[in-house]
Amino acid sequence: MMPQIESKDISVHNPISINCPWCKKYVALMWLGFYKDAYGNSSQTSFPYPISFMNKKAYWSIGECPSCNECVIIKIIDEKIVHIFPNPLPSLTDERIPLNIKNDIQEAKLCFSVGAFRACAAMCRRAIQQACIKEGAAKADLDKQIDDLKAKGIITEQISKWAHSCRFLGNDAVHPEHPEVTENDAKNVLNLAEQLMNILYIMPAISQEVDVNHERKK
Ligand SMILES: [Zn+2]
């Protein structure tokens, strides 16, 4: 039976799913709540929905991973999660992306997850350049490599624009005289880089799988 929670300083938010920083699994957190039982003894239980305790700074919750039973502390302000300690791991990157490029995207995500936005943008730029080299771009500079792939018909005009956008933000990340890379910039460049790899590698692999399965059924 659920214990009675009387404190007005407890709030309920939506369930939260994260990549557990301890066991790396994607899990819906269980929430620890503390209460006094009918005899006045302190006790604890877990709930499927978040329970928060408020102080002057924020709401704070303790989430327990149902898989490994390790815990995270979550700071909530205005119903938004502002910090999770330790940082949840980023989502895994698709195995169908070539390994060296996948590793760059994964590292970019890891940088983003700890607020290293410049490093995130720099890793995205690196991932794009690795993809250009893999696709046979002839030139040395990334801007020319992107244009080379477009000229050869390997990428479309639209995708080349995405790649150039990643390049601009990546350049901002590595040149001290360029503007700062904001959280939003990093989010955008990561999104663009992932979508680009999606089109270059994941969609063709899925299409091939569909064709193979179709042939088998004949
Ligand atoms: Zn876990």
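Helices (H or I, at least four residues) and strands (E, at least two) are DSSP runs, numbered from the N terminus. The structure is a predicted model, in which local features need pLDDT of at least 70, side-chain atom pairs count only at pLDDT 80 or more, and totals for chains, interfaces and linings use all residues. Residues are numbered from 1 along each chain as its sequence is written, and side-chain values use heavy atoms, without hydrogens and water.

Select Ile128, Ala131, Cys132, Leu149, Ile155, Ala163, Leu196 and Leu200, which line the largest cavity. A cavity is a set of points on a 1 Å grid over the protein atoms alone where a 1.4 Å probe fits but cannot get out; lining residues have an atom within 4 Å of a point. This cavity holds about 40 Å³, a volume being the space filled by probe spheres set on the points. The lining comprises eight nonpolar residues, no polar and no charged ones.

Next, colour helix H2 (117-134) and helix H5 (183-217), each of which supplies at least two lining residues. H2 gives the most, with three.

Now display Ile101, Cys120, Cys124, Ile128, Cys132, Met197 and Tyr201, the residues with the most contacts inside the largest nonpolar core, which has 34 residues. Such a core is a set of buried (under 20% relative accessible area, 1.4 Å probe, protein chains only) Ala, Val, Leu, Ile, Met, Phe, Trp, Tyr and Cys residues joined through side-chain atoms within 4.5 Å. Helices H1 (99-113), H2, H3 (142-151), H4 (157-174) and H5 each give two or more residues to this core.

Finally, move to another core, which lies apart from this one and has 11 residues, among them Ile18, Cys20, Val72 and Ile76.

Notes. 1 Å grid on protein atoms, 1.4 Å probe; cavity = no way out; pocket = protein on both sides within 12 Å on 5 of 7 lines; lining within 4 Å. Nonpolar A, V, L, I, M, F, W, Y, C, P; charged D, E, K, R; others polar. Buried < 20%, exposed > 50% of the residue type's maximum accessible area, 1.4 Å probe, protein only.
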